[in-house]
Amino acid sequence: MPPGTVLDGMDSEPIDYGDLDRGRDCNYWNWDPTLRFEAERVYPDDEFAWAEDVLSSYGATVGHEIADNADTVDRHSPQLHTYDRDGERRNKVEYHLAQFDSERQTYEDARLTHDAFHAPPGREEPVGLLHPLTMQALLCYADVGLTCAASMTTGAAVVLDKFDDGSLSASLDGLTSADYEDHLEGAMFLTEHQGGSDVGAVEVRAEPQSDDTYRLHGEKWFCSNIDAQGALVLARTPDAPEGTEGLSLFLVPRERPDGSLNDAVFRRLKDKLGTLSVPTGEIEYEGATGYLVGEEERGFRYMTEMLNYERVTNATGAVGVMGRALLEAKVHAANREAFGGTIQEYPLLRRDLSRLTVDYEAATAFAFEAAKWYDRRERAWPDDGGQAYKLMRLLVPIAKYRTAELAVEMASEAMEVLGGNGYVDGFVTERLLRDAQVLPIWEGASNILSLDVLRALDRADAHEALLPYVTRRLDGVEHDLLSDAAETVRGRFEELQSALGTLAMEDDDYAQYHAKRLADLLFDVVSATLLLVEGQSEIEAGDARKALVARRFVATRFEDDEAYGVTAGTAPGNEFFDVLARYGSVAPEELAATLEA
Ligand SMILES: Cc1cc2nc3c(=O)[nH]c(=O)nc-3n(C[C@H](O)[C@H](O)[C@H](O)COP(=O)(O)OP(=O)(O)OC[C@H]3O[C@@H](n4cnc5c(N)ncnc54)[C@H](O)[C@@H]3O)c2cc1C
């Protein structure tokens, strides 16, 4: 039986991480009970029943071929040839064959960018966007760069699907094709030298032509997937107003439909710290042909739809990075011997791995909750989505910000668990940390996301949806094992509400100063609430493991521990190591008796 598999009504045995030599050559879906649990929680039931096999099969592919390919591509990263030997411009990116193999397995075999737009085999309707988001969590176990490319492909398709009048349908077909030979990748080029966070500073110009196309001039400074045929570019038409209101969105392919090279210079690729599998470079447009998406001067609004998808990807992708980091750490801890025993036997490391697991479960719950409301709002389109929109608007920037920071921390701690080897090329934690480090920067840096939380509260009235959302959930948490933790969270939630009241009274500078701490508090309150609800429902099914996770999360986030807990007389991460870090089950009575003892 795969690790952690729980058949209805049966206890699960703790996972033996010593069954693996390292965190690969395995099925990541099977080895991640948290990811499975959260995906099942948020997918509509019929879609999960269909998706489970697809996710399991892709989890195996990522855990074997794609994990191997990712290491190869990291050593042989894409190279740019702006000119050929005769000095002719080529703007060509050369890839290792391993990259094509991963792409084919992802786009054709697993249909990552197809199934949310066209009915997949076994279904009469497409699935929701939760599905590619979950696939991307799995892909991030091995290749964050390819996840970026895959995600921008789906994001570009979302934009064309919503806003194109049909004139770009060939591009939409390409982006969503499950035939690798026809498949196109997407990209999003916003950032310029003078403005990344400040998108309103975009200066690239777009001159309309008599044939309804546009000619683009100017420089884009950060272009990931630089050679994408489905690149969406923000630019300013003549006499357009300043700021984001004056921006229009264009599809600017590397090659025009007749196969000729578009008028642009791919100047150079960035010499990056990580995510080497996706080529990020600089482009100088020199009259490149662009095709308007939708209407002029509505480009920023359209791009916001893509950004939303990319930010949720960043969160579910961070889950994959954390999942891999934890798996590597646990496998190593189960195998490595020091001082006469495996290092996972020692209380201090047990505490570390238990705490990391609890943090991972909170982060995964939050990321998938954000993904759920994002997906619900997309399903409601073109209706605004009401409560789903408000919750999506609030939870997505928080999820992006917090999970990205946690992924960096967790990749760093996992590296340390591997000791000296963890710091060395060839042991994947070194690459994981390099890759993770971009998650808090791209798709909006952490400060920018925190300021976006203020906007969600101020302009989208997100608090109106948040208050009943949290209250109703906490009211349903009744079990004795959870009631004290629920009370603690209720107290923090009241503090949160009064904090919102304070921010409403104070000026903008005050609100900006406190934005990040507010986002932290929102993350902790909502994550705790989700874990408590999960704990309650799992107790009803006979297992108190999630309740223990919820209790630990609340304790580490919200409780004042005298002398940092040293005088508490308990060592929960040690006692419950098999339950917390190894996913063993525990009966509610047994947990209650142990806690009382
Ligand atoms: C590997 C990689 C790939 C990328 N790929 C793409 C891509 O494909 N397409 C694309 O368009 N961009 C891409 N980017 C660019 C990325 O999105 C930007 O770098 C990012 O949005 C930050 O913009 P910036 O670099 O201009 O920094 P700035 O906007 O100058 O920000 C610098 C710092 O200041 C902080 N800051 C800015 N304003 C405020 C404020 N008002 N209050 C508080 N703090 C503030 C930010 O949080 C940040 O920490 C990529 C970046 C990297 C590293």
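Strands here are DSSP runs of at least two residues, labelled E and numbered from the N terminus. The model is a predicted one.

**Stop 1: a strand residue**

Select strand E2, residues 89-94; asparagine 91 has its place there. Check the backbone of asparagine 91. Its phi is positive, about 45°, although asparagine 91 is not a glycine.

**Stop 2: H3 and H5**

Next, select helix H3 (residues 97-109) and helix H5 (residues 144-163). Their axes come within 11 Å and cross at roughly 35°. The crossing of H3 and H5 is right-handed. Now show side chains. H3 makes the contact with Ser102, Glu103, Thr106 and Tyr107, and H5 with Leu146, Ala149, Ala150 and Thr153. By class, the contact of H3 with H5 has 4 nonpolar, 3 polar and 1 charged residues.

**Stop 3: H4 and H7**

Clear that and select helix H4 (residues 130-139) with helix H7 (residues 299-335). How do their axes cross, and within what distance do they come? The axes of H4 and H7 come within 7 Å and cross at roughly 40°. H4 is therefore oblique to H7. The crossing of H4 and H7 is right-handed. On the H4 side, pick Pro132, Leu133, Gln136 and Ala137. On the H7 side, pick Tyr309, Val312, Thr313, Thr316, Gly317 and Gly320. These residues make the contact. Sorted by class, the contact of H4 with H7 has 5 nonpolar, 5 polar and no charged residues.

**Stop 4: the ligand**

Now display distances from the ligand's polar atoms.

- Leucine 190: a backbone N or O atom lies 2.8 Å from an oxygen atom of the ligand.
- Phenylalanine 222: a polar backbone atom is 3.0 Å from a nitrogen atom of the ligand.
- Asparagine 447: a polar side-chain atom lies 3.1 Å from a nitrogen atom of the ligand.

**Stop 5: H8, H9 and the loop between them**

Select helix H8 (347-380) and helix H9 (387-417), then the loop between them, where proline 382 lies. Zoom in on tryptophan 381 and proline 382. What kind of peptide bond joins them? The bond is cis, with omega about 5°.

Zoom back out to the two helices. The axes of H8 and H9 come within 8 Å and cross at roughly 155°. Angles over 145 degrees count as roughly antiparallel, so H8 is roughly antiparallel to H9. The crossing of H8 and H9 is left-handed. Colour the contact by class to finish: H8 with H9 has 20 nonpolar, 2 polar and 6 charged residues.

How values were computed: Residues numbered from 1 in each chain as written. Predicted model: local features only at pLDDT ≥ 70, side-chain atom pairs only at ≥ 80, totals over all residues. Heavy atoms only, no water. Axes fitted to C-alpha atoms, helices over the stretch in contact; angles between N-to-C directions. Helix = DSSP H or I, 4+ residues; strand = E, 2+ residues; numbered from the N terminus. Parallel < 35°, antiparallel > 145°, perpendicular 65-115°, else oblique. Left-handed = near helix turned anticlockwise from the far one by under 90°. Contact = heavy atoms within 4.5 Å. Nonpolar A, V, L, I, M, F, W, Y, C, P; charged D, E, K, R; others polar. Polar contact = N/O pair within 3.5 Å; in protein donor to acceptor, adjacent residues only side chain to side chain.
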